[in-house]
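Please open the structure in a viewer and keep the sequence at hand.

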Amino acid sequence: MKYLFVLLITSVLTTPLYVSAESVSATPLPAQIAPLAQNALLLDITRVGENKLIAVGQHGHILTTPDATNWQQAQVPVQVTLTGVYFLNSQLGWAVGHDATILHTRDGGTTWQIQQYLPELEKPLFDIVFEDEQHGIAVGAYGQVFRTINGGQTWQFEFHDEFLPIDDIEYLAEVKQEDEEAYLDEIGSILPHFNRIFIDGRTLYLVGEIGLIAKSNDFGRSWQTFDEIYQGSFFDIARTLEGNLIVVGLRGNVFRSLKNGTPWQKSITDTTSLLSSIILSDDNRIFLIGNNGMLLESADDGATFTKKVQADGKALIAGVWFNNQLVVVSEVGIKNITMAK
């Protein structure tokens, strides 16, 4: 879902393989304080501890709140559109966005610093996770993967050819021997978009374009792809409270895996709207949100869904369950949605 709003059509991969936090490639402009930021395009939101929410979006906007009502805009050193936000604990967090930007906070989102900013790359990152304070991975358009082993002081680019068919792998090997520049061109566009990465205990799950679902048991150093169940894009994956996996994507497609990734079963949603995000409530309900104000609710662990479409028809992009309500970011900012049981 996010890339339909934020993806830049790009050319070649020019980033170095090793990027220092102290040597960003240009000096960006800081985000401006905007009184109506909470009513503008926002693309991700996360819960920080028990009593804080943080949302990110266009123009480098980062908003925080203790109550889902009173929002405050943080000081942010970039104006690029931010697409994803992740917190390891109540203090340490990261945000990603356009220009392969990675931001970091050590004070719960009050202040932010640049760890990576590569406008010449012209590709957005979409998501980021950390397994501890030192080890993190960010993913994005055209199969971008950046890894840190030192808390983000440096980020290293990785190319994962295990997502390619054998013919493409052999082709790239030939190109690399003949022309290094052409090889960098090719690896900058040959992989699908990686839309969402989800950490589940010791396992990482990844979803993206062309029906991509993959898992890793070594924090993304190697990946195992699932058998194709759908040729369209997936935008989110989560493990339900009953222990099953659920993925959502284009044209209202929802698939549920009963234990350990197989087999996948298609859930009936009665919609063709793009579904962008999965939200789990504290009372064992599952909510799916997406385009055209689409809101689906399930009380049986995703086997069936009922529609609760929002009247304004605006795209709902990401959300959390907070204080017994849905707090959702959308193309028109923040929405608080009460869902009676």
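Select strand 7 (residues 93-97) and strand 8 (residues 101-105), which pair in the antiparallel sense over five bridges. Strands here are DSSP runs (E, at least two residues) and helices are DSSP runs (H or I, at least four), numbered from the N terminus; two strands pair if DSSP finds at least two bridges between them. The model is predicted: local features need pLDDT of at least 70, side-chain atom pairs count only at pLDDT 80 or more, and totals for chains, interfaces and linings use all residues. Residues are numbered from 1 along each chain as its sequence is written, and side-chain values use heavy atoms, with hydrogens and water left out.

Within this pair, display Trp94, which stands opposite His104 in strand 8.

A pocket is an open set of points on a 1 Å grid over the protein atoms alone, where a 1.4 Å probe fits, with protein on both sides within 12 Å along at least five of seven lines; lining residues have an atom within 4 Å of a point. The largest pocket has a volume of about 780 Å³, a volume being the space filled by probe spheres set on the points, which are joined across faces, edges and corners. Select Thr46, Phe198, Ile278, Gly319 and Val320, the closest to its centre of the 28 residues that line the pocket.

Phe198 belongs to another group as well: ring pairs link Phe198, Tyr205, Phe226 and Trp264 into a cluster. Rings of Phe, Tyr and Trp (its six-membered ring) pair if their centres lie within 6.5 Å; planes under 30 degrees apart count as stacked, over 60 as edge-to-face and the rest as tilted. By this rule there are 13 aromatic pairs. One of them is the tilted pair of Phe163 and Trp223, at 6.1 Å centre to centre with 45° between the planes. Phe163 lies in the loop between strand 13 (154-158) and helix 2 (166-178), and Trp223 in the loop between strand 16 (213-216) and strand 17 (224-225), so the pair ties together parts that are 60 residues apart in sequence. Phe163 is buried (under 20% relative accessible area, with a 1.4 Å probe and protein chains only; exposed is over 50%, partly exposed in between).
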